[in-house]
Structures are given as structure tokens and as C-alpha cells.
Number of protein chains: 2
Amino acid sequence: MWCSLFSSSTSHFTTIKCSIPSDNQEFKNPINGNVVKLDLLKSNNNGHHVATKTSFSPCDETLYNIPMSQIRQNIPTKKQLVDTYRQGIIVEGAYRQTVVIRSYEVGPDKVATIESILNLLQETALNHVWMSGLLSDGFGATHGMMKNNLIWVVSRMQVQIDHYPIWGEVIEIDTWVGASGKNGMRRDWQIRSQATGLVFARATSTWVMMNQQTRRLSKMPEEVRAEISPWFISKQAIKEENPIKIEKLDDTAKYVLSNLKPKRSDLDMNHHVNNVKYVRWMLETIPDHFLESYQLSSIVLEYRRECGSTDIVQSLCEADEEVLFDDVVDVDQHKRRISVLHGFSLASGLLEATGLLESFSQRPFSYTHLLKIKEQIKNEEIVRGRTTWKRKISSMPFPT
Amino acid sequence: MWCSLFSSSTSHFTTIKCSIPSDNQEFKNPINGNVVKLDLLKSNNNGHHVATKTSFSPCDETLYNIPMSQIRQNIPTKKQLVDTYRQGIIVEGAYRQTVVIRSYEVGPDKVATIESILNLLQETALNHVWMSGLLSDGFGATHGMMKNNLIWVVSRMQVQIDHYPIWGEVIEIDTWVGASGKNGMRRDWQIRSQATGLVFARATSTWVMMNQQTRRLSKMPEEVRAEISPWFISKQAIKEENPIKIEKLDDTAKYVLSNLKPKRSDLDMNHHVNNVKYVRWMLETIPDHFLESYQLSSIVLEYRRECGSTDIVQSLCEADEEVLFDDVVDVDQHKRRISVLHGFSLASGLLEATGLLESFSQRPFSYTHLLKIKEQIKNEEIVRGRTTWKRKISSMPFPT
């Protein structure tokens, strides 16, 4: 078998409509018309599956040099400029995909969720590698990386969302890569309204390579640099003069969720907890009242270690401005101190009465987050995060 | 505001690239080229947002007869035969959409998850209504339903999956509707490989109408019948001579998950727990060992009542064949009785040794499920379910 990663995903009997090649013949991929050379080996005599002139089965994979999964996945071996099925094109080295926001990608307010946006960032990044002709069997790894047993590891990610797309809205997502230090790669994104060109969101991320066996970070081999550096663009989606440093929270953090256990459905193709799940765990610590009135405007994630399927995770969270707000808001009927972040629906009514709400609502809130392994170990940090929030305009106190 | 459902989703300032209409002018939708008539009213003097010749803002929605959200959503008022952005077409009254399986729609085995498949069924159904020109502001409701304050409620759903699409695979999803009794509607789907035409999955569902205020089921008004019946097709994706009856489980069920609480991210646009979440709750009762070796081949869901955001849910599950397997498998080293479903990884080794595994693996397993409200109330059932499973071919004991 060519790639063990695919071995469990090929449990299908597939009938190919085109004619089946005879020995050492060329095979025209029915999907993209690419011609690939098949090297017919001896037939497999397991007695269960026999390749005939009219049918393939996944167990016939060993018969050919090309795994059935690769034919079904339609991975190109050369650079492509257009992907009609994904509506993707290469524009000046960047990948651009046109996407319609789907019904299940929005929340109760019909606005795309942060999870959906993060998913689309991942998807377009992988499609960019697909278009480059460099995609190997791994999760975005190039042929050179595969040969050197290397995988991509994200070390930092920052997303800024000015406007959220809504259900049915057509958006364009651009993504491109650049150099980051000597051994890293930067990947940026920009999300725009397809109709108006208005920029909805920007994102940037930093990636390094890790040896899949030793789990140690690796230098970028020259072979890999030669593959990816022709794609490097210096343009940056987000320019950070002085990137903020995210403080490490400790167990005294105000909001704590414990005993978070990854489920099967939370694991990605690398059998790691999916990035989107991290963000969900972080946001679940924030009170519902707050999420009803506030919208995430930016998120920064600093990755420290991998989280596997058996780890038990704790999500810590602290509001940066809580103390300040506790000082200002001292207006409840029993003259007790109110935490705005604890009981926003109550406090907002009081604030409104005192005329303070509008001035508060202009200023963003921030939270600091930490996901960590619950065990008492030395390097227990999985990811530090910082989220910034702004008040939803629809719940602003405009005259009606 | 035209539709309160959209009020919280329009918190964006949008600059329209095309020329802005003057009073009572026609406006060309930049997305689909549709011309819509705008009726410019007096300007809004709230001092925050002023409509200019070059920019719209969501607060300007009250200025026009058309909500900004509807322009951004691009909902057609007439039947469309082609949707280039979604790659959808109408073929003999059915809607066909070409979809590429995305990286985040697959599980650790790179195969589309059942959740992704259910999401795509919902998405294509709504896109079919979109194409028909009947889509109103609700979640798939037609103009006539909106007028009569009616919403769609699903009463039964059945999905059969013979082959799972893999990451990057191009699939075609057909969906169409038919009559179901006097007041119901049937919606069917077929999912195929785009390259080979091989049918991957089939699904059928039954829908009735409910009054949004009274929450009572409603007859289909003639007005609505006139809208939808021209789309009715008699073809059926799944023919059931004698539909199975799903038994009601009680608290003696073997697998029970309690205290399931919907999260914000589990709610759909109707503020109900999403259908996909129901299925996830059902499947979470099944042991991981089993899910590693078995693949869902069919699911039947019988809906009994709505589940709201504050309900606390219990997921019950019972394996149909467990007793039978307990009887047969009596081969562990201490001669204790083994439940195959409890410790499959252990049992499979033993079965393999005894040569029994292959004959077992051919036959499907079934589970019966129940989601119910935890409270002691009369109509506590949310949904009954039945899942059938077959062994993953890749984990079958073929010689290698």
C-alpha cells in the first residue's frame, strides 16, 4: 500500500465508467482528464476481489502504482491554475476561492460562526497546496516533506474579523504564503464580499516543520525550500509592529472548564484535536449573556504542544477589563458591585438607565485564554489565546 | 424592519461597488444581475449612519423596501435553472449540486462523516427551495407558508449509505420533493460519485407544516399546495414496503448518556437543536471500539417533539443483536461470557483465532436509540432512532 494514511479510507467498491487500462497503459483520470501511467503488477490472489475489465475495487489498489484514493481525490501532480469544482483560481501566486456560506455554517443569528470561518481558512490553505501540484498524501505536506517524514505544525495564528458573512452570501477567500524566519512559513488570508470587494476578515499564521516520528521541530530541508519558496509573496494580510504577548493564566483564573475530553468527531486527519475544537473549548468558558450581545472581532492563538485523543483538557479564561468594569459599574439596586461580564443582561438594563452603555459599547472587551493538559506535567500548555470582542451593532442603543 | 429573523445578522457596513440608485430607481443586484426596484424613503436622522452615493449601511435597511440581508443573500424571486456559485442546476424538477468533500468534513479516516452528509442534505434541500424562487425569509419556508405563519417540521428521515465519499472527492447530490399523504411532503436525495455515477447514498424524509405561534400541526393551505405541488415528482430514492417500527426504549437501556445540554453552537437558525446534533448525541452512546471497526450504513429517525435550547436531554441506546452475540461468543481464556459490543478489540482477536469473525462481519449490527427530555413529563420523547452498521472493509481479515 502506498500510504497507510489512506488505508482505512478506501473501503469502497468503485466502478469506473471509463475503459480499464491493460498492462502498462496510460489511464485517463475521469475527473480532470489528467493522464497517469499505470504499471500493472501481478494480480492479487486473495480470492475476494478480482480486477475485471469493468470494475475496480479498493483492494485492487495494490495492483497499480496509483492508489484508488488518489484517483478519487483527484490530486494533481502539476501546478493547476483553475479548479472548476472548487471554484478556485491562482492569481499572482495566491489562491482565490469563491464560496457561498452554507445554511449549516451559520449560527442562530444567520451569521457565519467563527468555527466555519476557521474551517474555511484550513480548507483554502489545503486547496492552495492542491493547486500547486505539491500535495502529497499527508495533511498539506509536500512531496519533499513526505520524503523527509515531515509534517506542518502551526505555531501562531491570528484572525481579525470586521464583518461576518451571512447565510447565502458569496465570499472570496484569498490565501498565500511567505517566508517566516529561516525555517518557517507564513500563511495569510483575506476574506471579502464577492459582490462589493469589502474586506470581511484577515488572517495570518506561522508554520514550522516537525519530524513525524521524533515529534521534534526540524529545519526546512533545501528540497522543501525549493518546492515552496517560488510561491512566497511578501504581502502581509495583517501587519503587526509589536505582536502582543499573551500571558500565561494559572489556576486562579475566573472561568475554568475542566475534564474536557476529545471525542472521535473532534479529531482531524492527523488524529489530533482539531484547531476549531480548541477555539470552541476556549469560547465555551465565556458566559452566554456576553456572547448574545458581543461578537468576536479578533483571536490570537499561540500553540505550545500537541493535544492527542487521550488527553484531558482544562480551559481557563480571564477577562482583561473586568476589574475596570467592576470599578465603574456600581449601580445595582442593592448597591452591590456587579460584574458586567457575569450578568450582562441585567447590567445592561441598569447601564442603559444610567446612560453609560453607549460609551462602554464602543470599546472592545478582551479575554485571555489557556488550554492545558490537566495532568501535573512540566509542559502542560496546549495553546494560549486572546480574544477581542465588540458589541453587535444590532443590539446597540440606536434610536429606532 | 421586514423580517425580525434577519435583524441580528445585518451588523455590517457594506459598500456597494455599483452605482447607488437615486429615488425610486431600479437597482441591479451585483451578484446575479437581477434588477430589483428600490423605493427610497426619507433618510434616517439617527446621526450614526447616513446613506451616501457610495455606501450602504445595514441601518439604511429601513430606507429601502428590500432588506440589505436579502440583497446579500441574493434570494431570487423567480425560478432559476442554474446557480453558478453553488454549482447547482434544475434537472427535470430535481435540484442537482456538485460538491467537493472538504478537509474538515472528513474524520480521522479521511472519509466524510455522517454529520457532514446530513449537513449536505439540509444544504441542498434549502438550495432547491432557493432555486424555485419560493424561498422566503424563514428556514426553507415558502412565501405562502410565511403568510400563513407556517414552518416546516420533519417527522421522519431515513438515510442509507453504501459508500462514503472521501476527502477531495467530487460528488453530485440530487434532491426532489413529492406528495406524502394529504398534508405532507416527501423530500428525497441521492448522492453519487461525479466521476463514475456510482450511488453512494440515498435518503428520504417526510415533512409537515406547523403553526409557528401555536406549535400545532397544520393542514397544507391551498395557497402553499399551489406553490409546491408543481415540483412534486413521484420517483422515490428509497422504497419501503413495510417501514420498520422503532421500539421505545426505557430507562433499562444498556447505554445511557445523561445531562446533555445544547450549546449555543448546537442551535440552528430556528433556535432549535440542530438535527446533526441529535445524531451526534445518539452515536456518542456507542462504544469507541465499535466505531473504529464499523461504519454506519443506515439511520432512521422518527421525530416526536422539538428540543429547545434549555432542555436537558438523555440519550438511550440498546444493541439489537447483543444477546445473540453473547450466546455465540464464549471463547475467552477464562471462559467468561464476552459481549462483543463491549470489548470488540479484544473479542475480535479471539474471534479471528476461532475463525468466526468473517462470518459475523458480513452481517450488520443494529442499535435502537432514543433521545428524550430528562424531566418527568408525558411527551418526553424527542426522537427515536435506529442505526445499522457494517464492518469497515479495510479492517476485514483479508490476507495481505
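# Report on a predicted two-chain model

A:L81 lies in the loop between α1 (68-73) and β3 (82-83) of chain A. Helices (H or I, at least four residues) and strands (E, at least two) are DSSP runs, numbered from the N terminus. The structure is a predicted model, in which local features need pLDDT of at least 70 and side-chain atom pairs count only at pLDDT 80 or more, while totals for chains, interfaces and linings use all residues. Residues are numbered from 1 along each chain as its sequence is written, chains are lettered from A and ligands numbered from 1 in the order in which they are written, and side-chain values use heavy atoms, with hydrogens and water left out.

## Chain A as a whole

Chain A contains 9 helices and 15 strands. Of its 400 residues, 57% count as buried; buried means under 20% relative accessible area, exposed over 50%, and partly exposed in between (1.4 Å probe, protein chains only). The accessible surface of chain A comes to about 17600 Å², and carbon and sulfur atoms account for 50% of this area. Such areas come from the Shrake-Rupley method with a 1.4 Å probe, and for residues only the protein chains shown count as cover. Among contacts in chain A between residues at least 6 apart in sequence, 70% join residues at least 24 apart, a contact being heavy atoms within 4.5 Å.

On the surface of this chain, A:L81 belongs to a nonpolar patch with A:V82 and A:I89, and together the three have about 250 Å² of accessible area. Patches are made of residues with over 30% relative accessible area and no salt bridge; like charges are joined within 9 Å, and nonpolar side chains (Val, Leu, Ile, Met, Phe, Trp, Tyr) within 5 Å. A:L81 itself counts as exposed because its relative accessibility is 52%.

## Salt bridges

Over all chains, the whole structure holds 40 salt bridges. The term describes a side-chain nitrogen of Lys or Arg within 4 Å of a carboxyl oxygen of Asp or Glu. The table gives some examples.

| Pair | N to O distance |
|---|---|
| A:E115 and A:R280 | 3.0 Å |
| A:R225 and A:E222 | 3.5 Å |
| B:R186 and B:D188 | 2.8 Å |

The salt bridge between A:E115 and A:R280 links distant parts of the chain: A:E115 is in helix α2 (residues 114-132) of chain A and A:R280 in helix α5 (residues 275-283) of chain A, 165 residues apart. A:E115 is buried, with a relative accessible area of 11%, whereas A:R280 counts as partly exposed at 23%.

A:R225 and A:E222 are separated by about one helical turn, because they stand 3 residues apart in helix α4 (residues 222-228) of chain A. Here A:R225 is partly exposed at 24% relative accessible area, and A:E222 is exposed at 58%. In chain B, both B:R186 and B:D188 are buried. A network of salt bridges also links A:R96, A:E172, A:D174 and A:R192.

## Features of chain B

B:R187 is located in strand β8 (residues 184-193) of chain B. This residue is buried yet has no salt bridge, and the nearest side chain of opposite charge, B:D188, is 8.4 Å away. The side chain of B:R187 does make polar contacts, one of 3.0 Å with the side chain of B:H128 and one of 2.8 Å with that of B:T175. A polar contact is a pair of N or O atoms within 3.5 Å; within protein, one must be able to donate a hydrogen and the other to accept it, and residues adjacent in sequence count only if both atoms are side-chain atoms. Leaving aside neighbours within four places in sequence, the residues in contact with B:R187 include B:A125, B:V129, B:W176 and B:W207.

Helix α5 (residues 275-283) of chain B is mostly covered, with 7 of its 9 residues buried. Among the buried ones are B:V276, B:Y278, B:W281 and B:L283. At the start of α5(B), a side-chain oxygen of B:N274 comes to within 2.7 Å of the backbone nitrogen of B:V276.

B:K110, a residue other than glycine, has a positive phi near 65 degrees; B:K110 lies in the loop between β5 (94-100) and α2 (114-132) of chain B and counts as buried at 2% relative accessibility. B:N149, also not a glycine, has a positive phi of about 60 degrees. B:N149 sits in the loop between α3 (143-147) and β6 (150-161) of chain B and is partly exposed, with a relative accessible area of 28%.

Note on methods
Lys and Arg count as positive and Asp and Glu as negative; His and the chain ends are not counted.
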